[in-house]
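Please walk through this structure with attention to its surface patch, its annotated spans and its aromatic rings.

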Amino acid sequence: MEKELKITRESKSILNMHPQKFAMWLFLLTVLMIFAAYTSAYIVRKGQGNWIPFELPVTFLYSTGIIVLSSVFMQLSYFAAAKNNVNGVRLYTLLTFIAGVVFLMMQWTGYGKLIDMNLYFSDPNNVSGSFIYVITGVHAVHLISALIVLLIVLITTFKVENIKDKLVRMEICTTYWHFLGGLWVYLYLFLQLNQ
């Protein structure tokens, strides 16, 4: 009986994870599988021929720098939350939000440059353009969802006195933001190297 109790206690401490964090990791795994499927389909379709090479607009490179900078801001926001520095959380969360919006605006500008290069979403003669729009567009949708979460976090900072009480939410938000930033860097490099 004592041995069984010991195993149960050890197992519980190993598997002890906040339910919201667990749900977030499952969600991130799902998103990762979606983009793995997209990039795999891209490689397979490119190998079938009838593929017109393209050049990514330089705007996508600049937006990559912006998303990396936004990750730095998000991490600083988390550090501020851990120190119960509400003003720091507000500042860095706001900067992260602004950088995220700038990223999306740059992506939109990049789409305009793609159209200038005659790369359209639905062109039966050139499916390479379709892949760019789908891959970057689905990433943008996820980033918009992260911006909504950032707004919720920012509003929360004005409603609570002790931001450390919301540290789990901050950790989830930070992890999700870093994931999307890292995912974009991967997607940019993938598209750049597989034209």
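A nonpolar surface patch is made up of M17, F22, W25 and L26, which together have about 420 Å² of accessible area. Patches take residues with over 30% relative accessible area and no salt bridge, joining nonpolar side chains (Val, Leu, Ile, Met, Phe, Trp, Tyr) within 5 Å and like charges within 9 Å. A salt bridge here is a side-chain nitrogen of Lys or Arg within 4 Å of a carboxyl oxygen of Asp or Glu. Areas come from the Shrake-Rupley method with a 1.4 Å probe, and for residues only the protein chains shown count as cover. M17 lies in the loop between α1 (2–14) and α2 (19–47); helices are DSSP runs of H or I with at least four residues, strands are runs of E with at least two, and both are numbered from the N terminus. M17 counts as partly exposed because its relative accessibility is 41%, where buried means under 20%, exposed over 50%, and partly exposed in between.

The model is predicted: local features need pLDDT of at least 70, side-chain atom pairs count only at pLDDT 80 or more, and totals for chains, interfaces and linings use all residues. Residues are numbered from 1 along each chain as its sequence is written, and side-chain values use heavy atoms, leaving out hydrogens and water.

An unreviewed UniProt entry places the feature "transmembrane region" at residues 22–44, 56–79, 91–111, 131–155 and 176–193; such annotations may be inferred rather than shown by experiment. In the model, residues 91–111 are 100% helix and 0% strand, with end C-alpha atoms 30 Å apart. Residues 131–155 are likewise 100% helix and 0% strand, and their end C-alpha atoms lie 36 Å apart.

Next come the rings. Rings of Phe, Tyr and Trp (its six-membered ring) pair if their centres lie within 6.5 Å, with planes under 30 degrees apart called stacked, over 60 edge-to-face and the rest tilted. The count is 10 aromatic pairs. One of them joins F60 and W184 edge-to-face, at 5.9 Å centre to centre and 85 degrees between the planes. This pair links distant parts of the chain, F60 in helix α3 (residues 58–82) and W184 in helix α6 (residues 167–193), 124 residues apart. F60 is buried at 0% relative accessibility, and W184 is buried at 0% as well.

W184 also pairs with F103: the centres are 5.4 Å apart and the planes at 80 degrees, so this pair is edge-to-face. F103 belongs to helix α4 (residues 86–116) and is 81 residues from W184. F103 is buried, with a relative accessible area of 0%. Ring pairs join F60, F103, W108, Y111, Y133 and W184 into a cluster.

Technical notes. Buried < 20%, exposed > 50% of the residue type's maximum accessible area, 1.4 Å probe, protein only.
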